[in-house]
Amino acid sequence: MNLEKVIFAFFIVLALTLNFGFFLGSIDNPVHHSVYELFAAIVISLIATILKFGDRTHLGAVLLATSLVADLQLIAAAVLWGMAEHVMQSGLTPHIMAIIVSLSGGALLANITSVVLLVAETIAVRR
């Protein structure tokens with residue numbers, strides 16, 4: 001067992017599960033989506049991205065790209081949430097919440113792609 005691979009897989013799967021936890025619920029209801037879960041998803045996704053920097057294979061580059069996409073979408077969702085709460089006079093409306101959840105849905109898709117690639121790599125190594 002390679003401890004580095006275990007840590008790498010742990011952070012990728014944790015980023016996926018946190019993102020899924022935030023995404024789950026009614027798309028326009030702010031009560032169903034926790035800002036703390038979004039923050040945790042961003043932090044874990046950034047850690048997963050940093051862990052991917054050392055991999056110089058073609059698959060590693062694709063994993064890094066998917067992680068960067070997830071980071072970008074999650075950060076955009078957090079910035080939009082912060083602007084809605086503190087800058088916009090309308091506050092956090094259902095329309096803005098739907099945009100935030102949609103951005104996290106895009107990040108969720110990127111995280112799913114990362115996990116699928118990780119599983120495919122793991123299966124290929126076993127052969």
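The chain holds four helices and zero strands, in a model that is predicted. From the N terminus on, its elements run α-α-α-α. Taken along the principal axes, the C-alpha atoms fill a box of roughly 55 × 25 × 20 Å. Of the 127 residues in the chain, 34% are buried.

**Helix α2**

- Helix α2 covers residues 35-52, which is 18 residues.
- From its first C-alpha to its last, α2 reaches 26 Å, close to the 26 Å expected at 1.5 Å a residue.
- The N-terminal end of α2 is capped by Ser34, which places a side-chain oxygen 3.1 Å from the backbone nitrogen of Tyr36.
- The buried residues of α2 are Leu38, Ala41, Ile42, Ile44, Ser45, Ala48, Thr49 and Lys52.
- An α-helix has 3.6 residues a turn, so residues three or four places apart point the same way.
- Buried positions in α2 include Leu38, Ala41 and Ser45, and also Ala48 and Lys52.

**Largest pocket**

- The largest pocket contains about 500 Å³ of space.
- Two or more residues of its lining come from each of α1 (3-23), α2 and α4 (94-126).
- Helix α1 gives the most to this lining, with six residues.
- In total, 17 residues line the largest pocket, and those nearest its centre are Lys5, Val6, Phe8, Leu118 and Glu121.
- By residue class, the lining of the largest pocket has eight nonpolar, three polar and six charged residues.

**Aromatic pairs**

- Two aromatic pairs turn up in a search of the whole structure.
- Phe10 and Phe11 make an edge-to-face pair, because their ring planes stand at 80 degrees, with the ring centres 5.3 Å apart; planes over 60 degrees apart count as edge-to-face.
- Phe10 has 48% relative accessibility and therefore counts as partly exposed, whereas Phe11, at 17%, counts as buried.
- Phe22 and Trp81 form a tilted pair, with 6.1 Å from centre to centre and 45 degrees between the planes.
- Phe22 belongs to helix α1 and Trp81 to helix α3 (residues 58-86), so this pair ties together parts that are 59 residues apart in sequence.
- Both Phe22 and Trp81 are buried.

Terms used: Residues numbered from 1 in each chain as written. Predicted model: local features only at pLDDT ≥ 70, side-chain atom pairs only at ≥ 80, totals over all residues. Heavy atoms only, no water. Expected span 1.5 Å × (residues − 1). Buried < 20%, exposed > 50% of the residue type's maximum accessible area, 1.4 Å probe, protein only. Polar contact = N/O pair within 3.5 Å; in protein donor to acceptor, adjacent residues only side chain to side chain. 1 Å grid on protein atoms, 1.4 Å probe; cavity = no way out; pocket = protein on both sides within 12 Å on 5 of 7 lines; lining within 4 Å. Points joined across faces, edges and corners; volume = space filled by probe spheres on them. Nonpolar A, V, L, I, M, F, W, Y, C, P; charged D, E, K, R; others polar. Phe/Tyr/Trp six-rings, centres within 6.5 Å; stacked < 30°, edge-to-face > 60°.
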